[in-house]
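Me: Could we walk through this model together, one question at a time? I would enjoy a friendly tour of how its parts pack.

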Amino acid sequence: MLNAANPEQENLEEVIVHELIHLKMYQLDQVTESLITSHFEEGTPAWDFAYSQFFTALEITVEELAKCFLLEFGENRELSYGRCSL
């Protein structure tokens, strides 16, 4: 099921580690999202900017942490170096 969303991704180990890091960061994700929604009205340019910047930074951070972990401990070191398609 994981690879169905992004069939170009051939390294399932990378996908699984990436998603596990998202689970580990979920609490931080929720706190930050709550701060954004409590300080900005949804749909305003300020909300759109804060929300998109946060989720872009979150996704980049998760990708980099996953790659660092896999380069050190992974079996398959053939990693994607571009942003994953969502």
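Reply: Gladly, and a definition comes first: angles under 35 degrees count as roughly parallel, over 145 as roughly antiparallel, 65 to 115 as roughly perpendicular and the rest as oblique. This is a predicted model, where local features need pLDDT of at least 70, side-chain atom pairs count only at pLDDT 80 or more, and totals for chains, interfaces and linings use all residues. Residues are numbered from 1 along each chain as its sequence is written, and side-chain values use heavy atoms, with hydrogens and water left out.

Me: How are α3 and α4 oriented to each other?
Reply: Helices (H or I, at least four residues) and strands (E, at least two) are DSSP runs, numbered from the N terminus. Axes are lines fitted to C-alpha atoms, for helices over the stretch in contact, and angles run from 0 to 180 degrees between N-to-C directions. Helix α3 (residues 26-39) packs on helix α4 (residues 45-73) at about 165 degrees, with the axes 10 Å apart. The pair is therefore roughly antiparallel.

Me: How do the residues in the contact of α3 with α4 divide by class?
Reply: Contact means heavy atoms within 4.5 Å. D29, T32, E33, I36 and T37 of α3 meet W47, A50, Y51, F54, F55 and L58 of α4. Ala, Val, Leu, Ile, Met, Phe, Trp, Tyr, Cys and Pro count as nonpolar, Asp, Glu, Lys and Arg as charged, and the others, Gly among them, as polar. The residues divide into two charged, two polar and seven nonpolar.

Me: What is α2 to α4, in terms of angle?
Reply: The axes of α2 and α4 come within 9 Å and cross at roughly 125 degrees. That makes the orientation of α2 to α4 oblique.

Me: What pattern does the chain follow along the sequence?
Reply: The secondary structure comes to four helices and zero strands. Read along the sequence, the pattern is α-α-α-α.
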